[in-house]
Structure formats: structure tokens, C-alpha cells
Amino acid sequence: LTPKEREVIAMTAQGVATKSIARQLNVTIATVNTHRARARDKLKVMSNSDLVRIGQLLPHRNGQPSLE
């Protein structure tokens, strides 16, 4: 996953709304949705709720979830 995809997963897992994620990352809502869709494809999961569960299970590094 790209750093932005990881960041979007982490923020989603923390319960941050799509609009807020877009604002904080200075991107459009469509871009946030694209990052989620690409992450779902790469992780072979079907839904954003699956991404949330993955994000909650990730080991943390420097206060941020890490997929490494």
C-alpha cells in the first residue's frame, strides 16, 4: 500500500469522516474514496468496514498504524 492509502485506512479506522479526511489531507472526497478502493483491491477485502477492522489490528509505529 502507498503511504496515502495507509493514512486513509488509519483515519477511517479512527472514525474520521470521509469529508474530514479529505479536508485534512487537502484532497477531494473522490480521492479519499479512490485510496480506499485501491487499498481494498490490494488487501482483497470487499468493504470499508473490512478496512476499519484491518486498520484497528495493525501494529502501530510512531502513533500511526503500520502495514510493514
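Hi everyone. Before we start, one term: when I say two residues are in contact, I mean that they have heavy atoms within 4.5 Å of each other. Please also keep in mind that this is a predicted model.

Which residues does Met-11 touch, leaving aside its neighbours within four places in sequence? They are Val-16, Ile-21, Gln-24 and Leu-25.

Now for the overall layout. The chain has four helices and two strands, and along the sequence they follow the pattern α-α-α-α-β-β. Of the 68 residues in the chain, 29% are buried.

Met-11 comes back when we look inside. The largest nonpolar core has six residues: Val-8, Met-11, Ile-21, Ala-22, Leu-25 and Val-32. Two elements, α1 (3-13) and α2 (18-25), each give two or more residues to this core, and α2 gives the most, with three.

So how does α2 sit against helix α3, residues 29-43? Two packed helices are described by the angle between their axes and the distance between the axes. Here the angle is about 105 degrees, and the axes are 8 Å apart. An angle of 65 to 115 degrees counts as roughly perpendicular, and α2 and α3 are therefore roughly perpendicular to each other.

Who makes that contact? From α2 we have Thr-18, Lys-19, Ile-21 and Ala-22, and from α3 we have Ile-29, Val-32, Asn-33 and Arg-36. Sorted by class, that is four nonpolar, two polar and two charged residues.

Terms used:
Residues numbered from 1 in each chain as written. Predicted model: local features only at pLDDT ≥ 70, side-chain atom pairs only at ≥ 80, totals over all residues. Heavy atoms only, no water. Core = buried A, V, L, I, M, F, W, Y, C linked by side-chain atoms within 4.5 Å. Buried < 20%, exposed > 50% of the residue type's maximum accessible area, 1.4 Å probe, protein only. Axes fitted to C-alpha atoms, helices over the stretch in contact; angles between N-to-C directions. Parallel < 35°, antiparallel > 145°, perpendicular 65-115°, else oblique. Nonpolar A, V, L, I, M, F, W, Y, C, P; charged D, E, K, R; others polar.
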